[in-house]
Amino acid sequence: MCAMTLNGLLNTGLLGVYTNKIAMSVVAHNISNANTEGYSRQSPSIVTTDPIKLTTMGSGGRAIAFGTGSTVSDIQRIRDEFLDSQFRETSSRLSYWENIYSNIHYVEQLFGEPGETGLRTMYDNFWASMEELKTDPSNEAAKAQIVSRADELVNTMKDLNYRLEQLNEDINNEINLRINEINGYLERIADLNQKILTSGSLSGSPNDLLDERDRLLDKLSELTDVRTTYLANGQLSLAIGDKVVLNGSSYQKIKALTITGEKDNYQAYVGNNLLTFNDGKMAALFELRDEIIPSYQTSLDEFGLYLVDTTNLIHKEGWDSTGTITGANFFSDISAKRGFEDSRLFRIAGYSDVFHPDNINYVTSNKNFYTDPNINWNDFSLYSVSSGSDPASYPDSLEYDANSNSIYFDDSSGFLNKLIVDVAGDFFKNYGFPTKEVGAYKIDASKIESGSLEFSINDETYTISFDDKDGLVNKINSGSGGYLKVIDDTDTVTGEGYIYIVPTTKVPNADLDTIVLNDVEGSLSDMQAQKVILDALDTSEPTLNNILGSNDTLQMSINGIKIEINPLKDTANDLVDKINTTNTGVTASITPHGSFVLRAGNMIDFDLNNVTIRGSENLFVGLGLLEGDINNNNQITLISPNFTQADIEQQFSKADILRIEKEIGIINQVSVSSTLKNNPSLLAVDLGYYDSNNYFPTGPGNVTVWDEISKLNKANLLDNGKVGFSDFLGSIVTEMGVKGETADKMRLNSETLNSQISLEREKIMGVSIDEEMTNLVKYQQAFNASARVITAVSQMMDTVINKLGVG
């Protein structure tokens, strides 16, 4: 139609009416969807129609382009793909931290910290009950309380583990539900892709379909990390993790499958390939189920495992208050009931006593001497005291070792069952030898007169009557049953000086207070006897050369980490410290009766079969871990991952080993001995004393079993030899609090970032009523103006047709 004609002008006005009518329809659509979730504001794309070129009389023969009006070429969504991508990433992160935080907060509530019914409180109550027994060993109610408090602690741990298992099971079921939800989203997105493809080929942009697809992508991003790639014709492909799960209108359904032997835990698969979720709620659920919650269950297992094993090893070395029952466990047996392949080798305990070898021939100074000190023995008063012979001056048996810069006693007669007493107290301390305190009665020889003494021990009573110093010395040395001896430190010429009545090793722990002394006639008072403390050579921690019979340097290794051992200077406790500082997951300790113990920590999954330990055969034999020749210095493998069940049974035929189950939940096997629950009076209390190559009960007033067990509170046993029981529980609560606080902070940060991006996105895609009303007025005015053009053209055509040429 020619634009120069009235019909052309009429068409231009009509196009303006149509264009602005469509624009107002778009505005009306925006207003009606102002509160629709996921709706993107739409805008009409108004363009001019193609012009017509004509030559007119006034153009001078040149063609002039005449406009023909306007049209709506497309209705566009106002959307920013970059902000969409940022919003979905932050939504995934926010959803991840929200789920981590809420579940850790719930676990904190399960632990009941702080509170009066939490695990820490139950543990403190158990430890407090030990102190009560120690203050009153004869209190049967205190024994019952120890058993009762231990039972409460065990039940609390079991209940906590049960609740963690239930939480894990709930999370596992939710994983299955969320996988089905993801599949639902994928199915709907694939269907929308097909509709978008069809709609796009028939008409313009299917904006509402695109909005619905973006809304589903937003929902999907809360569950997992999604990566979208936009294709031609409005199509897209979608990847989750490292797997493409949707391409256009086709998608791969994610399968939730369980693996045999994995506690029916669901895993996500795309085809036959495992799908890993890297963010969003799914990543949080998998991390909670597979890492966070099991870590707390493993900590409970570790706490219970070490509590049971360390307590039992001490408890069974003690006697009950009657001194008749020994070898009983405090906690019931937790050893694995399954075969070798389904269990772990947690602990090996040696069968020999590293504190009491066949003899103790060597005692080394703790000081270093870079030259031989050439000691003059005439300057010191050292006496050898035993139960069988009279005390005598200790002979010169000191040696100097230039390789280790040490001086040491080398006494072929040995130090077992005798005391080396430093009467003047100026030798052992000055030269750095280990000492212990021994009580004694000090009497001035010039004040000894005739008299009588009476003392009782082990239901035996001894009466000592004497006329003078020599009589007192001889009577005690020969007539006290070997329990007491007299050191005569008087001058052999003048007779001036002092005598010392000292206990022998026949007295438990050489404790003078064990003896009940009755000064019937006041002889001690008359002689002005003083009770004093003397220094005696401490041989309770013999150096390893006493076990190995050699000063030759040895070496052992754990997973290739070497440990140098100097038998001349190192004790078994020194070896324990060296092993525990290797940070290999192998820890060592020694029981009160000298059993050398190796345990596996959490670093090696509580299984000694996961490490390789090598060293000299005589070292392992001397520690009682192996049976063999103490003189064999060959390098052997004590344990390695290649060992079979037969290898272990043969290797540790005499050692005490503890195998545990492989699965989490060992705490469910823990319980206080039913025998003790029925009869708490059978509780072991007395570790006894060592005499003549054996241990004997001390008596009902001795509670050394619980002295030793209470020391476990601070002993570095757990977490690969880093902390004690109290600190271990504290570290669980602290770590949980830190993790919860971190999750909360990350949640708040993610929420803030997501809100900011959402606000920016809403500014672009959201509908503003004020803006839309402005547009409505604008298009309405344009519509009215276009209508006026049509009216003007109508009047012009009426004039031309009806009035032109009429006079």
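Colleague: Is Arg-93 buried, exposed or partly exposed?
Modeller: Arg-93 counts as partly exposed, at 29% relative accessibility. Keep in mind that this is a predicted model.

Colleague: Which side chain meets Arg-93 in a salt bridge?
Modeller: That would be Asp-279, with 3.0 Å from N to O. The pair links distant parts of the chain, 186 residues apart. Arg-93 belongs to helix H2 (residues 81-111), while Asp-279 sits in the loop between strand E11 (273-274) and helix H6 (280-315).

Colleague: And Asp-279, buried or exposed?
Modeller: Asp-279 is buried, with a relative accessible area of 12%. The cut-off for buried is under 20%, so Asp-279 falls in that class.

Colleague: OK, how many salt bridges does the count come to?
Modeller: The count comes to 45 salt bridges. One of them joins Asp-214 and Arg-77, whose closest N and O atoms are 2.8 Å apart.

Colleague: Why do residues three or four places apart point the same way in an α-helix?
Modeller: Because an α-helix has 3.6 residues a turn.

Colleague: Which residues do salt bridges with shared partners join into one network?
Modeller: The network contains Arg-77, Arg-79, Asp-84, Arg-88, Asp-211, Asp-214, Asp-218 and Arg-761.

Colleague: Changing topic to helix H7 (residues 469-479): which of its residues are buried?
Modeller: Those are Lys-469, Gly-471, Leu-472, Val-473, Ile-476 and Asn-477.

Colleague: What do the buried residues of H7 pack against?
Modeller: Strands: E19 (435-444), E20 (451-457), E21 (460-466), E22 (484-490) and E23 (497-503).

Colleague: Which residue caps the N-terminal end of H7?
Modeller: Asp-468 does, with a side-chain oxygen 3.4 Å from the backbone nitrogen of Asp-470.

Colleague: And what follows H7?
Modeller: H7 is followed by Gly-481, which has a positive phi, near 65 degrees.

Terms used: Residues numbered from 1 in each chain as written. Predicted model: local features only at pLDDT ≥ 70, side-chain atom pairs only at ≥ 80, totals over all residues. Heavy atoms only, no water. Buried < 20%, exposed > 50% of the residue type's maximum accessible area, 1.4 Å probe, protein only. Helix = DSSP H or I, 4+ residues; strand = E, 2+ residues; numbered from the N terminus. Contact = heavy atoms within 4.5 Å. Polar contact = N/O pair within 3.5 Å; in protein donor to acceptor, adjacent residues only side chain to side chain. Salt bridge = Lys/Arg side-chain N within 4 Å of Asp/Glu carboxyl O.
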